Amino acid sequence: MVNRLAESSSDYLRQHAHQSVDWWEWSDAALAEAAGRDVPILLSVGYASCHWCHVMSHESFDDHSVAAYINEHFVPIKVDRQQRPDLDAVFMTATQAMNNGNGGWPMTAFLTPRVAPSSRAPTSRRSPSPACRPSGRCSRRPLTAGAPARTRS
């Protein structure tokens, strides 16, 4: 089985092309899929030379039962932090804000279907939480795939 990542320009993302997880790259289509299905996003951010990214991939994402659960309940999005440092910065800032300043890779985050980081595993199909920016400002408007994320100067 080959998933959507087989055609990616990222070496890191192509390493996950043969997993049973139905990975998407970060894109408007992936975000529309989450909104259309009204399911949360499972965001996984890593990079090719990250040891623990490979460990997590093998121990979690290569497991067919884990993949089936992820595919049914989430839109899984894989991001190469070296290819998309803008997204890495946004979601690492959110991760650190929710974890007393701690964060690292692989970074796995739950996002609402409207792309708002969540501090807990999703328990309902809808979440009222706003999309928060690295500046700490939050809005009800979701992030879009094409626009670079705002980062602090």
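Author: A residue is called buried when its relative accessible area is under 20%, exposed when it is over 50%, and partly exposed in between, with a 1.4 Å probe and protein chains only. The model is predicted, so local features need pLDDT of at least 70 and side-chain atom pairs count only at pLDDT 80 or more, while totals for chains, interfaces and linings use all residues. Residues are numbered from 1 along each chain as its sequence is written, and side-chain values use heavy atoms, with hydrogens and water left out.

Reader: What makes Glu33 and Arg37 a salt bridge?

Author: The term asks for a side-chain nitrogen of Lys or Arg within 4 Å of a carboxyl oxygen of Asp or Glu. In Glu33 and Arg37 the closest N and O atoms are 3.9 Å apart, so the pair meets that limit. The two residues are 4 apart in helix α2, and therefore about one helical turn separates them; helices here are DSSP runs (H or I, at least four residues), strands are runs of E with at least two, and both are numbered from the N terminus. In general, an α-helix has 3.6 residues a turn, so residues three or four places apart point the same way.

Reader: Which parts of the chain does the salt bridge of Asp22 and Arg4 tie together?

Author: The side chains of Asp22 and Arg4 meet at 2.5 Å, N to O. Asp22 lies in the loop between α1 (11-14) and β1 (24-25), whereas Arg4 lies in the segment before α1, so this bridge joins parts 18 residues apart in sequence. The structure holds 5 salt bridges, and another of them pairs Arg81 with Asp88 at 3.2 Å.

Reader: Are Arg81 and Asp88 buried or partly exposed?

Author: Arg81 has 24% relative accessibility and therefore counts as partly exposed, whereas Asp88, with 7%, is buried.

Reader: How do you know on which side of α2 the buried residues lie?

Author: The buried residues of α2 are Ala30, Leu31 and Ala34. They cover an arc of only 100 degrees around the axis, which puts them on the same side of α2; the arc is that of the directions from the helix axis to the C-beta atoms. What covers these residues includes β1, β2 and β3, where contact means heavy atoms within 4.5 Å.

Reader: What makes a set of residues a nonpolar core, and which members of the largest one touch the most others?

Author: A nonpolar core is a set of buried Ala, Val, Leu, Ile, Met, Phe, Trp, Tyr and Cys residues joined through side-chain atoms within 4.5 Å. The largest has 20 residues, of which Trp26, Ile41, Leu43, Ile77, Phe91 and Leu111 touch the most other members. Its largest share, 4 residues, comes from α5. Apart from it lies another core of 14 residues, among them Ala17, Phe61, Ala67 and Phe74.

Reader: Why are β1 and β4 called edge strands?

Author: Two strands pair if DSSP finds at least two bridges between them. The 4 strands form an open sheet in the order β1-β3-β2-β4, with mixed pairing, and β1 and β4 each pair on one side only. β1 and β3 pair in the parallel sense over 2 bridges, so they meet the requirement.

Reader: Are Asp38 and Asn100 buried or exposed?

Author: At 17% relative accessibility Asp38 counts as buried, whereas Asn100, with 78%, is exposed. Asp38 follows α2 and has a positive phi near 55 degrees, and Asn100 has a positive phi of about 55 degrees although it is not a glycine.
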